[in-house]
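Take a first look at the model below. The report after it moves from overall shape to packing.

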Amino acid sequence: MTVMTDPPRGSFRLSMLINDTRYRSMTFQAIALLMLIIAIAYLANNLLTNLAAQGLNIAYDFLGDPAGYDINQRLVEYNSQSSHARASLVGILNTLLVAFLACITATFFGVIAGVLRLSNNWLVARLMSFYVEIFRNIPVLIWIIIIFTIMTAVMPAPRAFRGDEPDATMLLGAFAFTNRGVYIPAPIWGPGSIVVVLTFLASVVGVIAYRRYATNLLYATGKLLPTGWPSLAIFFLPTILMFFIMGRPISLDYPELGGFNFRGGIQIGAPLIALWFALSIYTGAFIAENVRAGIQAVSKGQTEAASALGLRPNRVMNLVVLPQALRVIIPPLISQYLNITKNSSLAIAVGYADITATLGGITLNQTGRAIECVLLLMLFYLTISLSISAVMNVYNKSVALKER
Amino acid sequence: MSDTHEHSVSFVRTESIAERDPPYAASGPVKWMRDNLFATPANSVLTLVSLYFIYLILTATLPWILNGLWNTSSLAECRQVLDGAVGACFSVLTERWNQLLFGFQYPNELYWRPTLALVLFFVAAAPVLFFDLPRKLLIFTALYPFIAYYLIWGGALAVPFVALGGCIAGGFIYQRFVAGSFALGFFGGVVAALVFWYVGGMLIPENANGTAMMTAVPSRDLGGFMLNMMLGVTCVSLSIPLGIALALGRQSSMPLIKWICVVFIEFIRGVPLITLLFVASVMLAYFFPPESQVDLFLRVVIMITMFSAAYIAEVIRGGLAALPKGQYEAADSLGLDYPQAMRLIILPQALKISIPGIVNVAVGLFKDTTLVSVISMFDLVGMIRGPILASTEWNGVYWELLGFAALLFFVVCYGISQYSQWLERRLATDHR
């Protein structure tokens with residue numbers, strides 16, 4: 001008879017570090033940690049040696065020095081005596097501005113193109129695939145340059161608007177498209193305009209409250225209130241009434257030709273327009289594909305089941321198809337927004353003063369603080385990206401299919 | 001039989017009448033147009049608007065293209081010949097053709113070298129792209145990087161030979177030891193290659209480039225579309241292995257490895273490529289040893305490779321996550337260790353799923369190589385915006401040049417995406 005014995009429980013041997021799965025991962029991690037530390041130490045040592053050789057150091061006090069350059073397109077007060085930090089703030093706001101504008105218009109283009117690409121109309125569907133393919137396969141930098149060239153080389157100069165029979169005229173007498181940018185009327189907030197604005201905000205709240213009330217009533221009693229016309233009425237009427245009651249406090253300042261340029265109104269510079277429009281149509285092509293995929297992802301059975309339950313076509317769309325399609329569309333849509341924000345850094349190619357052009361461009365070149373500027377620049381984009389992905393993760397969790 | 005019906009007229013037709021064509025509006029092009037273009041009033045309006053739109057575009061571009069001039073020497077001469085008529089000045093393309101393709105500093109008499117490298121590139125890429133070709137061709141693919149390096153940069157023949165020798169030494173060690181342990185084979189191979197390169201590098205004489213058979217061309221002389229192609233091809237091919245390693249690292253059960261990979265990937269994906277190119281142009285030099293002179297091309301390649309590796313890692317991670325858990329468990333129950341399971345079971349399937357995503361990243365990356373013009377490298381866009389548009393002859397020829405650049409990128413990118421769709425159909429093993 002043989003006796004089963006446990007294998008001898010040997011004490012710890014060095015070879016177990018490699019051969020025993022209990023210790024092997026520890027060994028590998030220790031090696032990885034060691035290599036990481038060595039690599040970082042090596043790079044840091046090189047960095048310090050190189051900096052010392054050139055008599056440089058890492059310091060951020062240059063941000064307080066006067067910047068000494070002008071920025072045309074700005075949302076906050078800034079002049080050439082302001083500090084580099086202030087110039088960076090102008091840049092950050094400009095980045096956010098163009099990203100925000102481009103997100104809205106890109107969604108608009110993308111949704112329209114995506115829906116039309118599924119159209120029964122052969123010609124329209126072909127035209128939209130053509131749009132999507134053209135824009136997805138050509139670098140966005142080339143599109144930005146093309147549109148910037150249209151804005152600066154094709155649009156008439158302000159002096160073309162001069163004279164009795166000018167070569168160019170203003171659109172509706174209010175919008176002027178020139179090679180220096182587009183001039184649009186600016187609102188003038190007179191006394192009492194605050195009341196109008198407050199009324200408008202209150203009516204927006206009112207619309208939401210009314211719709212919620214209608215839904216609750218529907219669920220509680222089954223009574224269906226009309227929502228379309230009342231919403232429109234609540235949205236517009238009080239504001240218009242208040243506008244006239246207060247004696248029309250808000251007026252428009254139209255751009256006018258004076259001297260060699262337009263005066264008054266708001267000037268939207270050619271770089272901003274080029275960047276905004278190029279990012280919109282470029283990203284719009286990508287969003288169109290997302291929208292198409294989202295709509296096609298909802299199976300036909302869902303539409304048919306909804307019809308079988310007796311829902312009308314627009315209710316089928318609103319209650320059955322759209323909620324399911326949006327679940328598929330929104331995550332890639334948000335990452336497209338992220339792409340827009342990152343691609344807005346191409347502003348430097350057309351001279352739009354975003355954060356890359358101010359902090360990473362002129363400030364870097366003037367102060368020679370390459371490492372500090374690039375690190376700050378990366379920090380800014382990282383903050384934006386990580387916060388957007390955090391929002392996206394929360395959303396994904398909330399819409400994820402609840403499975404067993 | 002009675003003869004009641006003898007004189008009655010037969011009312012059943014004895015022969016069939018000829019088939020009639022369907023109504024005019026229910027077949028052929030008319031029906032197609034009714035169904036597809038004018039189904040509803042709204043549809044008809046859309047069709048008419050689209051037709052008008054197409055008409056506008058064609059009337060704007062066709063005369064311009066058809067009237068184009070191909071052989072004048074400057075924009076002024078173009079305008080003189082056209083004499084006010086609408087027409088493109090394509091002569092800028094013919095006159096500056098070599099500059100657009102090779103940059104303005106690459107020596108004229110050496111243009112045959114990059115051209116030959118491009119032709120050989122198609123030969124080298126063919127067996128990778130099309131599986132039906134004989135597998136022996138892959139040997140040429142493996143040799144291609146060294147041949148292409150020698151053709152484009154020239155210089156001492158010893159450089160590509162030492163590089164190749166190191167790879168062969170590493171591969172030999174790997175083959176020798178991989179049966180025992182993957183880790184031993186892999187790291188042994190890497191060490192062997194490094195040692196070979198180090199020793200070989202010391203053997204190459206200092207002034208080897210001066211006496212070389214092929215004239216050496218420094219990296220800063222590269223330019224034009226060649227630069228875009230080189231950056232695209234090099235960075236994509238380098239970033240696929242790196243991306244696989246990062247994706248596996250991110251899935252690893254070892255927390256330290258996992259966190260290194262997560263931080264790297266999220267950091268790279270969180271910043272725009274332009275900031276990474278800034279790093280390459282102004283910052284990366286600080287991290288190299290003081291006496292080393294790493295040229296801008298190599299620094300840009302490093303940063304773009306890291307950039308695309310992070311994106312490819314995410315694509316491959318998706319592929320790994322999409323595999324059914326049973327595949328992992330099956331590999332474990334067969335007694336395969338981690339490297340074997342990955343090499344033989346998991347990665348072949350995961351990579352197949354990831355192909356469309358990888359191609360997307362590759363196309364995006366190829367488009368993004370135009371960004372190097374921002375850090376004053378003269379790629380295609382940099383050439384157009386810099387030397388060509390700034391020259392006195394061609395100042396103002398925007399549309400011909402930008403249109404040409406757009407067309408070039410469109411052809412390449414559209415070609416790649418069509419190939420990817422073909423490959424997807426080809427690799428589909430599910431029965432649908």
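What radius of gyration does chain A have, and what would a compact globule of 404 residues have? Chain A has 30 Å, whereas such a globule would have a value near 22 Å. Bear in mind that this is a predicted model.

**Chain A as a whole**

| Feature of chain A | Value |
|---|---|
| Radius of gyration | 30 Å |
| Span of the C-alpha trace along its principal axes | about 110 × 75 × 45 Å |
| Share of the 404 residues that count as buried | 29% |
| Share of contacts with a separation of 6 or more that join residues 24 or more positions apart | 66% |

Chain A holds twelve helices and seven strands.

**Chain B and its domains**

In chain B, the domain assignment gives two stretches. Domain 1 covers 1-58, and domain 2 covers 222-432. Over C-alpha atoms, the centres of domain 1 and domain 2 of chain B are 55 Å apart.

**Where the chains meet**

On the chain A side, 47 residues are in contact with 40 residues of chain B. Several elements of chain A give two or more residues to this side, among them α2 (21-53), α5 (140-154) and α10 (313-343). The largest share comes from α2(A), with 13 residues. By type, the chain A side divides into 31 nonpolar, 14 polar and two charged residues.

**The nonpolar core**

The largest nonpolar core has 152 residues. Which of its residues touch the most other members? They are I144(A), A274(A), L275(A), A278(A) and L277(B). The largest share of this core, 16 residues, comes from helix α8 of chain A, residues 270-297. Look next at A278(A). Leaving aside neighbours within four places in sequence, A278(A) is in contact with V140(A), W143(A), I144(A) and I147(A). In soluble globular proteins, nonpolar side chains tend to be buried together.

**Helix α4 of chain A**

Helix α4(A) has 15 residues. From first C-alpha to last, α4(A) reaches 21 Å, close to the 21 Å expected at 1.5 Å a residue. Which residues of α4(A) are buried? They are L123(A), V124(A), L127(A), M128(A), V132(A), F135(A) and R136(A). These buried residues pack against α3 (84-117) and α8 of chain A, and also against α2 (41-66) of chain B. Helix α4(A), residues 122-136, is also one of the elements on the side of chain A that touches chain B.

Note on methods: Residues numbered from 1 in each chain as written. Chains lettered and ligands numbered in written order. Predicted model: local features only at pLDDT ≥ 70, side-chain atom pairs only at ≥ 80, totals over all residues. Domains from an automatic or database assignment. Core = buried A, V, L, I, M, F, W, Y, C linked by C-beta atoms within 7 Å. Buried ≥ 20, exposed ≤ 12 C-beta atoms within 10 Å, placed from the backbone. Helix = DSSP H or I, 4+ residues; strand = E, 2+ residues; numbered from the N terminus. Contact = placed C-beta atoms within 7 Å. Nonpolar A, V, L, I, M, F, W, Y, C, P; charged D, E, K, R; others polar. Expected span 1.5 Å × (residues − 1). Rg over C-alpha atoms; globule rule 2.2 N^0.38 Å.
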